[in-house]
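Thanks, everyone. Let me put the sequence and the model up, and then I'll walk you through it.

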Amino acid sequence: MNLQADFPGGQMNLAQFYERKGDPGRAESHYRQAVNFDERFNAARVNLAHLLNRKGQNQEAVQLFKTVIDLEPEYGPAWYSLGLLMAETGQMAEAEKYLSKAAELDMQNPRIYYNWGLALQQNGDRQRAEEVFIKGIDLHQNAADLYYALCVLYVQQQEFDKAEKYAEKLLQLQPQNPQFQQLAQMVKREVQ
């Protein structure tokens with residue numbers, strides 16, 4: 001790796017090596033060097049942003065994700081990561097905006113719909129949350145998290161009739177999951 005250290009990719013490899021070894025300080029230094037070598041090397045910038053987020057340096061992580069988005073506006077994972085970071089810091093309106101764009105760019109990731117729906121729910125927009133969960137389910141028929149989130153949304157609204165089919169689907173997807181078993185039993189009791 002040291003032979004490749006004069007190149008951005010070599011610096012990134014060193015950063016990942018040190019990150020795996022549990023040395024975030026050295027990893028950060030190498031990610032920064034990779035970006036210094038090549039201002040458009042967004043892979044290192046994204047990894048650095050995630051590392052900084054884990055270290056609690058969220059302001060800089062936000063700026064790094066925004067830079068990635070400026071350089072590569074069609075890169076859905078940057079929008080998704082920024083949306084998650086906004087949600088983590090309690091900025092749910094911003095989270096919803098970034099997660100919405102992430103879903104537009106990357107419909108293949110069911111977690112985007114899950115987190116987007118949760119952000120909408122946190123913002124008090126239960127109807128749009130429901131729509132997002134359903135859209136995610138339509139695209140990802142086996143995404144248990146989406147069925148669970150929608151079922152819980154209905155339970156919270158005491159719409160047990162609507163919750164029932166999603167609780168049943170959860171048991172079809174993961175019949176041994178005790179959390180899903182408990183939810184399905186509770187919904188069934190309320191429907192009867």
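First, a term: by contact I mean heavy atoms within 4.5 Å. And keep in mind that this is a predicted model.

Which residues does Cys 151 touch, leaving aside its neighbours within four places in sequence? Ala 163, Tyr 166, Ala 167 and Leu 170 are in contact with Cys 151.

Now the setting. Cys 151 belongs to the largest nonpolar core, which has 62 residues. Within that core, Tyr 31 and Cys 151 have the most contacts. Which helix gives the most to this core? Helix H9, residues 144-156, with nine residues. As background, nonpolar side chains tend to be buried together in soluble globular proteins.

Step back to the whole chain. The protein chain has 11 helices and zero strands. Read along the sequence, the pattern is α-α-α-α-α-α-α-α-α-α-α. The C-alpha atoms fill a box of roughly 70 × 30 × 25 Å, taken along the principal axes.

Burial next. The chain has 192 residues, and 44% of them count as buried. Take the contacts between residues at least 6 apart in sequence: 42% join residues at least 24 apart.

Last, the surface and the charges. The protein chain exposes about 10,500 Å². Carbon and sulfur atoms supply 45% of that area. On charge, there are 20 positive and 25 negative side chains. How far apart do the centres of the two sets lie? The answer is 3 Å.

That's my tour. Over to you.

How values were computed
Residues are numbered from 1 along each chain as its sequence is written. This is a predicted model: local features need pLDDT of at least 70, side-chain atom pairs count only at pLDDT 80 or more; totals for chains, interfaces and linings use all residues. Side-chain values use heavy atoms; hydrogens and water are left out. Helices (H or I, at least four residues) and strands (E, at least two) are DSSP runs, numbered from the N terminus. Buried means under 20% relative accessible area, exposed over 50%, partly exposed in between (1.4 Å probe, protein chains only). Accessible areas come from the Shrake-Rupley method with a 1.4 Å probe; for residues, only the protein chains shown count as cover. Lys and Arg count as positive and Asp and Glu as negative; His and the chain ends are not counted. The place of a charge is taken as NZ of Lys, CZ of Arg, CG of Asp or CD of Glu. A nonpolar core is a set of buried Ala, Val, Leu, Ile, Met, Phe, Trp, Tyr and Cys residues joined through side-chain atoms within 4.5 Å.
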